[in-house]
Amino acid sequence: ELGKRAPRWIRDNEVTMCMKCREPFNALTRRRHHCRACGHVVCWKCSDYKAHLEYDGNKLNKVCKDCYHVIIGCTDSEEKKKKGILEIESAEVSGNSVICSFLQYMEKSKPWQKAWCVIPKQEALVLYMYGAPQDVRALATIPLLGYTVDDTPRSADLPHSFKLTQSKSVHSFAADNEELKQKWLKVIHLAVKGETPECQNELQVN
């Protein structure tokens with residue numbers, strides 16, 4: 001029946017870790033995805049597969065690794081190595097991004113630190129943070145959907161700063177100048193609502 005009828009989706013709040021690789025979910029580094037074939041909640045890494053599902057008019061849908069192998073009928077030896085969400089090279093996403101530049105970053109009471117920040121076109125609702133523009137692994141990712149944006153710096157903040165807050169999660173950023181800050185805010189204000197910019201090329205920051 002796999003792929004022939006819609007599965008029962010496991011609710012996000014019913015699991016604390018990926019149902020395939022058992023990696024724990026948390027707000028910063030793991031996003032929850034549903035396999036469209038079995039309905040399990042999986043991490044980005046384990047949902048990085050696509051298969052045609054009969055119940056959805058044979059459209060291409062995101063599925064987990066296990067379902068992919070069953071539906072496609074291939075073995076592990078035939079599978080190409082898949083990259084985890086943090087293992088995507090900075091140059092790979094920076095070259096095809098909605099916006100990318102250095103920003104100062106602060107989490108909780110830790111000191112400000114410089115980070116190369118990228119919002120790729122393929123995942124325009126996720127902010128990737130790298131230590132440097134050529135790093136082969138991201139330090140962290142922030143799924144922007146649902147965050148609240150506070151663009152009014154307090155006296156203790158850097159002048160061109162803004163905050164992203166969601167529940168107890170607070171991320172502070174600061175740009176080198178007001179123009180760069182506004183370019184980032186233009187993209188982020190859309191992303192937190194689940195929207196993407198129409199004129200992406202105009203927002204590229206070199």
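Residues count as buried under 20% relative accessible area, as exposed over 50% and as partly exposed in between (1.4 Å probe, protein chains only). The model is predicted, so local features need pLDDT of at least 70 and side-chain atom pairs count only at pLDDT 80 or more, while totals for chains, interfaces and linings use all residues. Residues are numbered from 1 along each chain as its sequence is written, and side-chain values use heavy atoms, with hydrogens and water left out.

A search of the whole structure gave 5 aromatic pairs, where rings of Phe, Tyr and Trp (its six-membered ring) pair if their centres lie within 6.5 Å, and planes under 30 degrees apart count as stacked, over 60 as edge-to-face and the rest as tilted. One of these is edge-to-face because the ring planes of Phe102 and Trp116 meet at 70°, with the centres 5.0 Å apart. Phe102 belongs to strand S5 (residues 97-107) and Trp116 to strand S6 (residues 113-120), so the pair ties together parts 14 residues apart in sequence; strands are DSSP runs (E, at least two residues), numbered from the N terminus. Phe102 is partly exposed at 26% relative accessibility, whereas Trp116 is buried at 12%.

Tyr105 and Phe173 form a tilted pair, because their planes lie at 45° and their ring centres 5.1 Å apart. This pair ties together parts 68 residues apart in sequence, since Tyr105 lies in strand S5 and Phe173 in strand S11 (residues 169-174). Tyr105 is buried, at 6% relative accessible area, and Phe173 is buried at 0%. Together with Phe162, Tyr105 and Phe173 form one aromatic cluster.

Methods: Helices (H or I, at least four residues) and strands (E, at least two) are DSSP runs, numbered from the N terminus.
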